[in-house]
Amino acid sequence: MTPALRGNTAGRAETGAAPAREGAAKARGGGLARRTFLGAAALVLCGLGRRLRAQGRRFLRYHPLPRPVLVPRNALAAPGRARRFQARAVSLPTAANPDQPVRVTGLVTRISDADDAPDRFRAVCAVCPHERCEVDFVGDPADLHPDVIAETGPVDGPVYLCPCHNSAFAAADGRRLGGPAPRGLYRFRVTDVTDTSVVIGEVEEDVLLFF
Ligand code: FES
């Protein structure tokens, strides 16, 4: 009796263990499927985030200046130089100081001498978005201090450098290369080039919240 009982008991135990193993296997399978699904979802979200960030860069919102800035064209005859200018604008209704006249110091440089199309010139706000010091133009990146290069990595074109805490920005588009600034330089848009002037007609809308 005892062995048979043991056998039956073992049999019941075996019969009970099989569904338990199946259950565990299903649970493991379900966990794997969930992890695969979550991994795929994370990848999709990352891709979406990257696309949105790229679109954000492509679709920066610009605001027309009440009066365009005219910079003498002969001051920007060749790349490697920058010219400082002052633009007048009005802060946005949603700014901390809404609807106020603001003066924004900018810098414009030529990035190519292929022709005189407006996109051969780039203009940025000269005020560093970290603590508002004014940046300087460094036409030759070989002139950058080694400590700056250590942070930015190799730089292959002119740079704007903040003298206060060494934030560095590419002169070609104002993007941040290194340093504590939380973002790149705010931008202006060159809207026309006439026989005599480089015309800066628009400013990135965020500048009108910043001041
Ligand atoms: S104010 Fe420009 S880096 Fe601090």
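Predicted model: local features only at pLDDT ≥ 70, side-chain atom pairs only at ≥ 80, totals over all residues.
Local features were considered at pLDDT of at least 70 and side-chain atom pairs only at pLDDT 80 or more, whereas totals for chains, interfaces and linings use all residues. Residues are numbered from 1 along each chain as its sequence is written.

The protein chain contains three helices and ten strands, where helices (H or I, at least four residues) and strands (E, at least two) are DSSP runs numbered from the N terminus. Along the sequence these elements follow the pattern α-β-β-β-β-β-α-β-β-β-β-β-α.

Six of the strands form an open antiparallel sheet in the order β1-β10-β9-β4-β3-β2, two strands being paired if DSSP finds at least two bridges between them. The edges of this sheet are β1 (62–72) and β2 (82–90), each of which pairs on one side only. Within the sheet, strand β3 (residues 101–110) runs antiparallel to strand β4 (residues 121–125) and is joined to it by five bridges, and Arg 110 stands opposite Phe 121 in β4.

Of the 211 residues in the protein chain, 25% are buried, that is, have 20 or more other C-beta atoms, placed from the backbone, within 10 Å of their own. Leaving aside neighbours within four places in sequence, Ile 200 is in contact (C-beta atoms, placed from the backbone, within 7 Å) with residues including Val 69, Phe 85, Val 108 and Phe 188.

Definitions and conventions
Contact = placed C-beta atoms within 7 Å. Buried ≥ 20, exposed ≤ 12 C-beta atoms within 10 Å, placed from the backbone.
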